[in-house]
Amino acid sequence: MRGCSVRGIWILNRASKLVFSRRFPTVERQWQHACKKLEEEDAPNSSSKKYLPIPMDAQLIQAFLDRKQREGSVAGCGIRTPHSEEGSDSWLDDLITRHVISLQLESSGVGFMLWPVVLHITGTYQILILPLVEPRHLLAYEDLCHRIDCGGAVTVEDKGNARSLSTILLDLPCITGALALAKVLGEVVMGEVAEPEMYMHTASTMGGLLDTLAGGMGLSSIGAGISGIGARAKPVTVPVAAAATAVAAAAATATSVIVQGVHKGLGKSDKDAVRSFISSAMPFGTPLDLNPINLLNVRSNGFTPQDVPHPEQKQPAWKPYLYRGKPKILFTVHEVVTAALYDQDNVADIITLGGQILCRADLEGLPDITLPIHCPNSGQPHAVTFHPCAQVPEQGPDKLTLTFSPPLGNFVLARYTALPSAVKPPLQGFYQLSMVSKDEGAFLIRMKLMESWKSPLTLENCSLTIPFPRRRILAVDGVPSYGQVVTTEHSVEWKIIVSGRGHSSKHNEITFSGTVKFAPDSVSGHASLYGSADPYEDSDIETEALANNSFEGAEVGDGGAEPAAWEDPFCWEAYSYAKASLKILGGTMSGISIDPKTVSIYPQISKPPCDFSAQVTSGEYIFWNSLGRYPHAAG
């Protein structure tokens, strides 16, 4: 039983009230037939193999709430504790049970387990999806939930006996499909459906590709799109960019529902958007195309005889109709650098680098594109994943060659992680904050910008923010050596380089020192000023565990410091940090690049304009207060 079919979908709000549900009788009959077949083959009196239908929604939601109480939170911790019950998800001691859960139910006095239920949390909604598996997989999971031992790596013996959760999941591609479906449903409900945006780069002759990356890596928006760059797949009234806007608008009121109240459900337009997506993407429970942009274009535009390819050409699923218009190809490499910088001799700084290669290939017909990617030895990509349209026929020490038949519109061709090349981090230095009194602190920040970085790499913008989520700022006294300072009620922002001004080599080393005064903290142990941003997670930390916690750099008596609320989990009362935000144009940290001249197309056509651009942006780029406490995992 391969592929992915879904028995049911449930969407709950933050109060765990059902706001939408959908069942698929066609898939449910497949489950019933599989149970009946297994029951006939094995012992007829084995009740665990008999078919039991999905219970009513109210009973299922109650089982979900019971699991929350049993596991300690909506997702659960996934780790076996002294309080874990035999037969529960946490009994397996596997973190995947935070996302693939089971529900304990009862029907006609007979208890049974519903598994695997994929749980996805987005905004203030919880999405539950029950994919179709074989009954033997469910029985294997039930056996695991009652084993005395737990965890452990997969062995050769496990492959035939399903003695570990990993072995079971490797045989269930439907789990991956259900997770992808849950993510897209979350985007539809939240009104976040959009393809990666592209906008023009003034340094380019025909329009570069500096993009918004959204999805698996959680990258933030980095620029506004320019209307009109998205070419239409055929000469009709709805362009690709407009399609994205229309899909998002259909679910836009979901956000207002979140703001107005946690007990409100989906509005009529939101439910219509979800129903429309499900009826197009998976009318009988089996996902066919999870791209809302493609689905809306097909519904809006329909098909014509010109959209049918030559009989000898096989049309891929990711290209439901053909492009007609002016040909062009765009590539970009967008890398995100994250860092934890401590300024401590006994603690090593941590720098990680991840990236995506984006593409837009507006070409008529169904051509194949061959793309050589230059990968220097110092920045070899790791953990590379590709779009389903791509193949990798050649991979050398300094080159990676892809062959792919491009889908319509903008898409992520590849994702990867890489080691930073020989260049140093774009922003180096330290941050120090010391409280001179209960309501006043003195700080010193010293930074080096783009040390050893050379042209054409340029620092487009850079800023440093110091948050104080639990204290209200009254005044900041100090003038930086370069840039300007903006103060809000709970943060100090140092705008080092404003977008458009660029970076001058005269200001490679900059400093900012001064004092910050806070309003008197009259209430101790008060709740967060912002309230809890995670409405699902309950506090599972016991008093004894808090008392025994110790942290790198902690002083005697720091054990009672209170953690901040979930909107800023790292900023404890005794913790403080500065967070950098930057964007670099003209290249990458890993050295990965694309030469447009080496791109080839088959069958050969007159080569269309091809453009390449690259940029680096910051993720969580943190300077921990070197005079305070800081989180650090000992090696």
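Phe 411 counts as buried, at 5% relative accessibility. Buried here means under 20% relative accessible area, exposed means over 50%, and partly exposed is in between, with a 1.4 Å probe and protein chains only. Phe 404 is buried too, with a relative accessible area of 1%.

Before I go on, this is a predicted model: local features need pLDDT of at least 70, side-chain atom pairs count only at pLDDT 80 or more, and totals for chains, interfaces and linings use all residues. Residues are numbered from 1 along each chain as its sequence is written, and side-chain values use heavy atoms, with hydrogens and water left out.

Now the ring pairs. A pair of aromatic rings is described by the distance of the centres and the angle of the planes. Rings of Phe, Tyr and Trp (for Trp, the six-membered ring) pair if their centres lie within 6.5 Å; planes under 30 degrees apart count as stacked, over 60 as edge-to-face, and the rest as tilted. That rule gives 7 aromatic pairs.

Take Trp 115 and Tyr 141: the ring centres are 4.3 Å apart and the planes are at 10 degrees, so this pair is stacked. Trp 115 sits in strand E4 (residues 110-122) and Tyr 141 in helix H3 (residues 135-144), so the pair ties together parts 26 residues apart in sequence. Helices (H or I, at least four residues) and strands (E, at least two) are DSSP runs, numbered from the N terminus. Trp 115 is buried at 2% relative accessible area, and Tyr 141 is buried at 0%.

Back to Phe 404 and Phe 411: their ring centres are 6.3 Å apart with planes at 65 degrees, so that pair is edge-to-face.

How enclosed is H3? Of its 10 residues, 7 are buried, so H3 is largely enclosed by the rest of the structure. Among the buried ones are His 137, Leu 138 and Tyr 141. The cover over them includes helix H1 (25-41), strand E3 (100-107), E4 and helix H5 (165-170), where contact means heavy atoms within 4.5 Å.

Last, a cluster: Phe 443, Trp 494 and Phe 512 form one. Which residue stands opposite Trp 494 in E20? Val 485 does. Strand E20 (residues 491-497) has 5 of its 7 residues buried. Strand E19 (residues 484-487) runs antiparallel to E20, joined by 4 bridges; two strands pair if DSSP finds at least two bridges between them. E19 and E20 form a hairpin with 3 residues between them. Strand E17 (residues 458-467) also pairs with E20, antiparallel, over 6 bridges, and there Ser 463 stands opposite Lys 495.
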